[in-house]
Amino acid sequence: MASGSKKIKKLPPIPGTKPSTHNAQLFISTGIPSLDHVIGGGLPIGSIFLIEEDKYGNYANTMLKYFIAEGIVVSHDNFIASRGTKTGQLLSEIPEVATDTPKEMKNDDRDEMKIAWRYQNLKIIDTSPSGSHKFGHFFDLTKFMDRKKIDETRVTEWNGENLRFKSTGFKKQEYVDLLKSIEETISNGQFYVSNCPEKRNILRITIRSLGSWLWMCDDPEETKSDLFKFIYCFRALLRNSYAVAAITFPGHLYSDKDAVIERLEHLSDTVVKLESFAGSDKETNVVFKDYHGLLHIKKLSAFNTLVSHCPHSTDLAFKLRRKKFLIEVLHIPPELGDTTEREQDEVSCGGGSSKRSVLDF
């Protein structure tokens, strides 16, 4: 090394983050270790995580609670925006960190499969990383986090009331006020990349049900115009700051012909869709008896790389247990015992004879 070269100053690590080994991008956890594993390690700093809600929004809200809970545990700042459901109610339902070990959490509510070896070896996403690879925390949905612990971190709440900012560029002034409030929080907290605070931290932004009925205008075209303008401006803010946003969006309220969902997916970085079995034919289908819905990966982030992460499997399902929310690889359950259909198949394969073969499995 030349004597005149300057030494590179090593920046102190930011709590609750980890660098990617593939593209040197800084990640934070979603609060769901199995989801972090699926999307490539976590959420990149400066990105938008879009969750297309299930029909009733229950599971999407659960994912938001995990996102907020993880931020509180690692002392990240939080900005929570919600209309309809008060942010105070959302904070009162934040789950507590699980006291059980990951191994106990993994085996809880799971029956032992006493079947053929080929079914026992089916791959399930590892929800309990250990050692130096552990990232994120496990939470217990039956216990709520102590309010004192929440108050120890900086939490900014926005309910869409008492609007302070207005603009002629938006028909719905709530979009303007939310955008300006986020910009103000980023500036005051020194989360911009250009800022040089004594101790760097991360801002987690949570927006619940963006684009729902409370966000709509009388004219559908104005509704879409406001929504897209907000996402464009919001995306520009995040790209220049140490912040990550998790947004839930009720896609079932919008028509496919308008391409609203496709445009939002294009403007977001990581996109997943929750398909709940509640009220559908799949709820009574024996194939999905162990799950509550399907998780569709619509888009994965591609920061500092030409190709995004490729998961081992995209056939994913989720289930909500009493204590936890799990994401697993979907597999068809084996057929246990002889059924009438199986016997009929054996008869037809034997050319009409009911006599079984000598090699009877």
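A residue is called buried when its relative accessible area is under 20%, exposed when that area is over 50%, and partly exposed in between, using a 1.4 Å probe and protein chains only. The model is a predicted one, in which local features need pLDDT of at least 70 and side-chain atom pairs count only at pLDDT 80 or more, whereas totals for chains, interfaces and linings use all residues. Residues are numbered from 1 along each chain as its sequence is written, and side-chain values use heavy atoms, with hydrogens and water left out.

Buried residues make up 46% of the 361 residues in the protein. The secondary structure comes to ten helices and 14 strands, where helices (H or I, at least four residues) and strands (E, at least two) are DSSP runs numbered from the N terminus. With contact meaning heavy atoms within 4.5 Å, residues 24 or more positions apart account for 71% of the contacts that have a separation of 6 or more.

Two strands pair if DSSP finds at least two bridges between them. On this basis three strands form an open sheet in the order 1-2-3, with antiparallel pairing. Strand 1 (17-19) and strand 3 (43-44) stand at the edges with a single partner strand each, so one side of each is left without a neighbour in the sheet. Strand 1 pairs with strand 2 (residues 26-28) over three bridges, and threonine 17 has isoleucine 28 of strand 2 as its bridge partner.

A second open sheet contains nine strands in the order 8-5-9-10-4-11-12-13-14, and its pairing is mixed. Here strand 8 (155-158) and strand 14 (325-329) are the edge strands, each with a single partner strand, so one side of each has no neighbour in the sheet.

Although strand 14 is an edge strand, five of its five residues are buried, so it is largely enclosed by the rest of the structure. In a regular strand the side chains alternate between the two faces of the sheet. In strand 14 Phe325, Ile327 and Val329 are buried on one side, and Leu326 and Glu328 are buried on the other.

Turning to the helices, helix 2 (residues 58-73) lies across several strands, including strand 4, strand 5 and strand 9. Helix 2 is mostly covered, with 14 of its 16 residues buried, and just after helix 2 serine 75 takes a positive phi of about 65°.

In helix 8 (residues 220-239), the buried residues include Thr223, Asp226, Phe230 and Phe234. Their cover includes strand 4 (48-52), helix 7 (173-188), strand 9 (203-208), strand 10 (243-249) and helix 9. Helix 8 packs against helix 9 (residues 260-267) at an angle of about 5°, with the axes 10 Å apart; axes are lines fitted to C-alpha atoms, for helices over the stretch in contact, and angles run from 0 to 180 degrees between N-to-C directions. That makes the two helices roughly parallel, since angles under 35 degrees count as roughly parallel, over 145 as roughly antiparallel, 65 to 115 as roughly perpendicular and the rest as oblique. Among the residues making the contact are Leu227 and Ile231 of helix 8, and Val260 and Leu264 of helix 9.
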